[in-house]
Amino acid sequence: QAGREGLTLVTSCNSNSGYKDVSRRASRKYKLHVWEGGKDVHLGVFGTAEEAALARARYNMLPPEQASPRARALGGVLEGGRRDSSRCRDGF
């Protein structure tokens with residue numbers, strides 16, 4: 001799906017899911033949360049890490065004034081394919 005939308009999923013070696021701002025829960029579902037305005041904003045729970053990462057990618061593309069955080073996560077496009085490698089020893 002990401003490729004069809006022209007998106008790149010942002011990876012992270014600091015996440016147990018492999019994707020930035022996506023964490024695996026004990027229920028085997030994946031929680032998406034971002035920091036916005038100094039607050040941890042919950043954007044949803046997804047069946048796969050890739051679905052959550054896709055929602056994260058869409059979230060990044062819409063300007064804050066267009067929609068609520070949850071709506072932004074469910075309907076946009078991604079910024080370029082940056083990797084969150086600032087704290088990774090191997091750079092990935």
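**View 1. The pairing of strand 1 with strand 2 in this predicted model.** R24 has Y30 as its bridge partner, and Y30 lies in strand 2. Strand 1 covers residues 22–24, and three bridges join it to strand 2, residues 30–36, with the two strands running antiparallel. The two strands form a hairpin in which five residues stand between them, and R28, which belongs to the turn, has a positive phi of about 70°.

**View 2. The hairpin of strand 2 and strand 3.** Strand 2 is also joined to strand 3, residues 39–46, by seven bridges, and this pair runs antiparallel.

View 3. The side chain of S17 reaches the backbone oxygen of V22 at 2.7 Å, and it makes a polar contact with the side chain of S15 at 2.9 Å. Leaving aside residues up to four places away in sequence, S17 touches V22, S23, Y30 and A49; of these, Y30 is the bridge partner of R24 described in the opening view.

**View 4. S12, also placed in the segment before strand 1.** S12 is buried, its relative accessible area being 6%, and the side chain of S12 reaches the backbone nitrogen of N14 at 3.0 Å.

Note on methods:
Residues are numbered from 1 along each chain as its sequence is written. This is a predicted model: local features need pLDDT of at least 70, side-chain atom pairs count only at pLDDT 80 or more; totals for chains, interfaces and linings use all residues. Side-chain values use heavy atoms; hydrogens and water are left out. Helices (H or I, at least four residues) and strands (E, at least two) are DSSP runs, numbered from the N terminus. Buried means under 20% relative accessible area, exposed over 50%, partly exposed in between (1.4 Å probe, protein chains only). A polar contact is a pair of N or O atoms within 3.5 Å; within protein, one must be able to donate a hydrogen and the other to accept it, and residues adjacent in sequence count only if both atoms are side-chain atoms. Two strands pair if DSSP finds at least two bridges between them. Contact means heavy atoms within 4.5 Å.
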